[in-house]
Structure formats: structure tokens, C-alpha cells
Amino acid sequence: MVEKVNRSAPARSYGQFCALARSLDVIGDRWTLLIVRELLPRAMRYGELKTSLAGIATNLLADRLRSLEANGIVERHLDGAGVVYRLTPWGAELREPMEALGRWGIPLLASGRGDDAFQPRWLTLAVPALLRGRTASPSVEVGIETEGFLMLVRIDETGPSAVVPAERPGTVLSASPDVVVGLATGTVSVEEAIAQGGLDGDPSPLRAVFRAGQ
């Protein structure tokens, strides 16, 4: 059963009775999907969003958050230290189409990072997206550390995922973001990634994660 969503009427609309057009009415504005990307791993405060989204004007961020909230994609939540923004269950369903769009855009990374901003935690969305379709039973997992950020990549019978671990895993690959993306896309081998970076622990889990389902 498809859930009926009461959406706020956008200031600008394509005026088309089409699910794609109406989706773009709601999430097609500049910065909107990047705000969603920031909130997919966890809830964030306004100041954290502003810091992470370098270049967005304060009034524009506030406007986009209001629009996302009015359309049922984001909700405000009070915690002990103030207000945080988090995705609603419907908003969290944007993960799958955003992962697909990220996979489609991988060729655009071929020119390198250059002067573009980068947050290592964006890899918690990118790496599972690039490994989508791979499964493993029993499950396998490995730590990936880049620019001081540590995440745990796991593949099980349901597919890949990436989270910030509570404890340091037994096997951790330290590598640059370019190497991590290359490893996930298959353009960098496990052996090359280890040679270009550094490995702490048994390499077997690393080989299992990045070869699972290939």
C-alpha cells in the first residue's frame, strides 16, 4: 500500500501530474538533497549543518529546512541541548534514489578532488552505494579510516552498510578518499589500496568485503 503524503504547495512547480515532476517540486532546489545527505547518517543541529555545507547562506539553509519540514521530509526534535533536525521515515526513503544518483555520477569524479570541499563521513553513504548488490553469508566487515574519520563497512546477506563504529575494528585500512572510492568501484585493487595506504590487522576481511559478490 502506498502511503498518502500531504505535501506543501511549492512556490514553483512544474505543474505536471507525474511522480518525478512532483518529487522535483519538493527536492529539486539547490542544496536540498545535500541537506538530506547530511541527515541520512544521523540527526544534526543547525550549526552543524551550516558548518558541513560550506558555501550555503544562513537564510537559504533556513529556507530549505522549512520547506523540507513543511513537506514531511525533515522534522525538528528537542534534545537536552536544543533543537536537532532529523529525517522522517519518508525522508529516509530518499537513501535508495540518492545512492543510485551517486553511482551514476562516479565518472564525474575522474577529474579528481581539486579544490572541492570534502567531508570523510560522506563516504558512509557513498561506499554502500558503490557496493550495492553485493551480499555475503556469513557477514564480513572491515574498518576504513580516511582523513581521521573511521567507519565500519559491513556486507551480509541483505547487502552492504557503513556506520561509525563504537569500537575500533580488528582490521582497519587507512587510505585517502580517492583510494577508498577506487577500491569500492573496483578501479583500485585491495593490494594496491594496502600499498598506497596502510593496514592494521588481518587483510582477509578487507579482501572479503571488497570482493564479496564479484
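This is a predicted model: local features need pLDDT of at least 70, side-chain atom pairs count only at pLDDT 80 or more; totals for chains, interfaces and linings use all residues.
Let me begin at the place where the two domains meet: across the interface of domain 1 and domain 2, the rule finds four residue pairs in polar contact, with both residues at pLDDT 80 or more. By polar contact I mean a pair of N or O atoms within 3.5 Å, where, within protein, one must be able to donate a hydrogen and the other to accept it, and where residues adjacent in sequence count only if both atoms are side-chain atoms. On the side of domain 1 that touches domain 2, helix 2 (32-39) and helix 6 (95-104) each supply at least two residues. Sorted by class, that side has three nonpolar, one polar and four charged residues, with Ala, Val, Leu, Ile, Met, Phe, Trp, Tyr, Cys and Pro counted as nonpolar, Asp, Glu, Lys and Arg as charged, and the others, Gly among them, as polar.

Residues are numbered from 1 along each chain as its sequence is written, and side-chain values use heavy atoms, with hydrogens and water left out.

The protein chain is divided into domain 1 (19-100) and domain 2 (120-210), with bounds that come from an automatic or database domain assignment. Taken over C-alpha atoms, the centres of the two domains are 27 Å apart. Eight residues of domain 1 are in contact with seven residues of domain 2, contact meaning heavy atoms within 4.5 Å.

How much area is buried between the domains? The value is about 720 Å², of which carbon and sulfur atoms give 51%; buried area is the accessible area (1.4 Å probe) that two parts lose on being put together, summed over both. Of the area that domain 1 buries against domain 2, Arg37, Pro41 and Glu99 supply 61%, more than any other three residues.

Now to the charged pairs, where a salt bridge is a side-chain nitrogen of Lys or Arg within 4 Å of a carboxyl oxygen of Asp or Glu. Across the interface of domain 1 and domain 2 the rule finds two of them, and the structure holds 16 salt bridges. The side chains of Arg132 and Glu99 form a salt bridge at 2.6 Å, N to O, and those of Arg121 and Glu38 form another at 2.4 Å, N to O. Arg121 lies in the loop between helix 6 and helix 7 (123-130) and Glu38 in helix 2, so this pair ties together parts that are 83 residues apart in sequence.

Helices (H or I, at least four residues) and strands (E, at least two) are DSSP runs, numbered from the N terminus, and two strands pair if DSSP finds at least two bridges between them. Strand 1 (residues 74-79) and strand 2 (residues 82-87) pair in the antiparallel sense over six bridges, forming a hairpin with two residues between them, and Arg76 has Tyr85 of strand 2 as its bridge partner. Strand 4 (residues 149-156) and strand 5 (residues 159-163) are also antiparallel, over five bridges, and Val153 stands opposite Ala162 in strand 5.

Finally, a cis peptide bond joins Ser137 and Pro138, with omega about 5°.
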